[in-house]
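Good morning, colleagues. I would ask you to look at the sequence and the model on the screen while I speak.

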Amino acid sequence: MNRVILSGRNVRELDVKSGKTEDREWTLGNGCIAVDRDRQGAGADFINFTVYGKSAEAFANLVKKGQKILLEGKWATSAYNGKNGRVYQNTLHVEHWEFSGERPRNEEETTGGFDPSAYEQFADDSDIPFN
């Protein structure tokens, strides 16, 4: 069974690519996740991943650099001939992702852009003109 679950921090914004073939449109996004090693202070492993379709679009719009995420998918190894011989590349093909930990918030996100100080405050219901 080929099933991988990784928890770590998003290293960079997703590099999204899209295109169209004769019969369908496609979208994919390539990224990298930093996964802490077991021992304290042992550093992190940087693992490449690919997200597909609508999930890639959502990931690109919602997940920011440094955010904690959980990725689930299949591990794949590919090879190609490089300048210095055969090059092997490992990639996690993401089937499911989710936020892990608290999502960073700024003032606009917490209030939804609503500024209550911009509106007149009424002392009680009798001050409302159409009551």
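Predicted model: local features only at pLDDT ≥ 70, side-chain atom pairs only at ≥ 80, totals over all residues.

Phe99 is partly exposed, because its relative accessibility of 31% lies between the limits of 20% and 50%.

Which residue forms an aromatic pair with Phe99? The partner is found among the aromatic pairs, so let me take these in order. By the rule applied here, the count is three aromatic pairs. One of them is formed by Phe49 and Phe59, in an edge-to-face arrangement with 5.6 Å from centre to centre and 65 degrees between the planes. Phe49 belongs to strand S4, residues 44–52, and Phe59 to helix H1, residues 53–62, so this pair ties together parts that are ten residues apart in sequence. Phe49 counts as buried at 1% relative accessibility, and Phe59 counts as buried at 0%.

The partner of Phe99 is Trp97: these two rings are also edge-to-face, at 5.6 Å centre to centre, with 85 degrees between the planes. Trp97 has a relative accessible area of 13%, so with the limit for buried set at under 20% it is classed as buried. Phe99, as I said, is partly exposed at 31%. Ring pairs link Phe49, Phe59, Trp97 and Phe99 into a cluster.

Let me turn to the strands around these rings. Strand S6 covers residues 85–99, and three bridges join S4 to S6 in a parallel arrangement. Within S6, Val94 stands opposite Val51. How many bridges join strand S5 to S6? There are 14, and S5, residues 68–82, runs antiparallel to S6.

Next, two loop positions. Is Gln67 buried or exposed? Gln67, in the loop between H1 and S5, is buried, because its relative accessibility of 3% is under 20%. The side chain of Gln67 reaches the backbone nitrogen of Lys64 at 2.6 Å.

Asp23 is placed in the loop between strand S2, residues 15–20, and strand S3, residues 25–36. Its relative accessible area is 68%, and since this is over 50%, Asp23 is exposed. The side chain of Asp23 makes a polar contact of 3.0 Å with the side chain of Thr21.

Finally, the chain as a whole. The protein chain has two helices and six strands, and from the N terminus on the elements run β-β-β-β-α-β-β-α. Of its 131 residues, 22% count as buried; Phe49, Phe59, Trp97 and Gln67 are among those classed as buried. The accessible surface of the chain comes to about 9,900 Å², and 47% of that belongs to carbon and sulfur atoms. Among the contacts with a separation of 6 or more, 52% are between residues 24 or more positions apart.

Technical notes. Residues numbered from 1 in each chain as written. Heavy atoms only, no water. Helix = DSSP H or I, 4+ residues; strand = E, 2+ residues; numbered from the N terminus. Buried < 20%, exposed > 50% of the residue type's maximum accessible area, 1.4 Å probe, protein only. Polar contact = N/O pair within 3.5 Å; in protein donor to acceptor, adjacent residues only side chain to side chain. Phe/Tyr/Trp six-rings, centres within 6.5 Å; stacked < 30°, edge-to-face > 60°. Pairing = 2+ DSSP bridges. Contact = heavy atoms within 4.5 Å. Areas by Shrake-Rupley, 256 points an atom, 1.4 Å probe, with all protein chains shown as cover.
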